[in-house]
Amino acid sequence: MLVVRPAAPADLDHLLELAILSGPGFTSLPEDPDQLAERLEVSRDSFSAKLAPEERWYTLMLEESETGDVDGIGSVKAAVGLHRPFFSFRVVTNTQSSPSLGIKLEQKTLVLVNECTGWTEVGSLFLKADRRKGGAGRLLSQSRYMLIGAQPELFNENVLAELRGVFTPDGACPFWDHVAHKFFPMEFDEADRMTGSTDKQFIVDLAPRHPIYIDLLPEPARAVIGKVHPQGVPAMALLESEGFRPNGLIDIFDAGPTVACGRDNIRTVRDARRLTVAVSSEVEAELPALISTDSVTAFRAVRQRAHIEGDVATLNAETADALRVRAGDTVRLKA
């Protein structure tokens with residue numbers, strides 16, 4: 001059975017493997033054991049409520065319960081931009097006209113902004129290639145919203161997700177090569193590393209202070225602005241199915257889009273029901289449901305069959321064991 005559970009420091013080898021597989025541009029998964037170990041410690045302290053709510057960064061692992069294999073990762077960062085700026089480019093449309101010539105032009109520009117301070121971020125969604133089918137990605141993605149829905153007060157009213165921008169098959173990033181690199185004369189991987197491990201002062205120091213006219217950029221750069229990496233297309237579809245939409249912001253390095261949704265308008269947060277658990281040896285249900293615990297501290301999620309009658313969800317023993325719940329406990333369920 002696939003189970004989504006909190007990450008722990010013992011997951012370092014699993015997390016490093018996923019970071020290596022994720023490839024370039026996945027800022028939240030650096031191929032750095034020290035950074036990953038620190039992230040796992042933060043996750044442990046987040047789930048155990050040892051950190052202030054706004055400091056928490058919850059990391060979730062997708063595990064095959066029978067084998068113990070970890071095949072995917074997702075995360076929820078309670079608040080971004082509180083200690084380090086959360087920079088983006090905003091795509092701004094400016095209209096200019098000359099009545100005497102009968103000419104009206106719309107010019108799009110990129111403007112450096114820091115607009116999302118305090119927002120909650122869902123991210124780090126990555127699965128091994130052989131798990132990208134059969135509903136594993138949807139389970140992992142939706143588990144993040146079940147986590148938010150368990151205790152919404154711990155998260156911001158606005159939720160965002162950044163998607164990785166376009167890279168060529170040989171690992172090149174058109175937007176970086178033609179635009180960002182002009183302001184940050186270093187390798188992409190170095191800038192990516194510094195974004196995740198420093199206070200981002202280098203961005204404050206070096207980023208463009210004036211609007212960049214998109215029409216003046218080389219075509220390869222223009223073509224990828226706001227576009228998603230091919231591996232991120234399924235993730236984008238999952239986000240859109242939950243109600244997320246582009247908000248006009250893009251990543252300053254790879255031009256990948258930012259999407260956003262109100263916390264309480266996220267479909268899974270809104271539609272999941274709190275039900276009381278009953279346990280039976282047999283469960284009659286046509287389709288599996290998304291089921292999670294009703295606690296951030298003891299969070300676990302699965303997609304299994306449950307019989308719903310009134311305010312009671314009847315689970316089989318295997319599902320109850322996977323969630324670590326007993327009869328009389330409360331779960332959240334989205335059919």
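I started with the contacts of G310: leaving aside residues up to four places away in sequence, G310 touches R273 and L275, a contact being heavy atoms within 4.5 Å. I was working with a predicted model, in which local features need pLDDT of at least 70, side-chain atom pairs count only at pLDDT 80 or more, and totals for chains, interfaces and linings use all residues. Residues are numbered from 1 along each chain as its sequence is written, and side-chain values use heavy atoms, with hydrogens and water left out.

Next I looked up where G310 sits, and found it in the loop between β14 (307–309) and β15 (312–316). Strands here are DSSP runs of E, at least two residues, and helices are runs of H or I, at least four residues, numbered from the N terminus.

Is G310 buried or exposed? I noted it as exposed, because its relative accessible area is 53% (buried is under 20%, exposed over 50%, partly exposed in between, with a 1.4 Å probe and protein chains only).

Then I went inside. The largest nonpolar core has 39 residues, and Y58, L62, V122, L147, F155, L239 and F244 have the most contacts inside it. Such a core is a set of buried Ala, Val, Leu, Ile, Met, Phe, Trp, Tyr and Cys residues joined through side-chain atoms within 4.5 Å. Elements giving two or more residues to this core include β1 (2–6), β2 (57–64), α3 (136–150) and α8 (233–242). The most comes from α3, with eight residues.

Not counting residues up to four places away in sequence, its contacts include L2, V3, V4, V70, L127, A136, L139 and L140. Apart from this core I found another, of 28 residues, with F188, I212, I250 and A255 among them.

Last, I wrote down the whole chain. I have ten helices and 16 strands on my list, and 49% of the 335 residues count as buried. Of the contacts with a separation of 6 or more, 71% join residues 24 or more positions apart. My box along the principal axes, filled by the C-alpha atoms, is roughly 80 × 45 × 35 Å.
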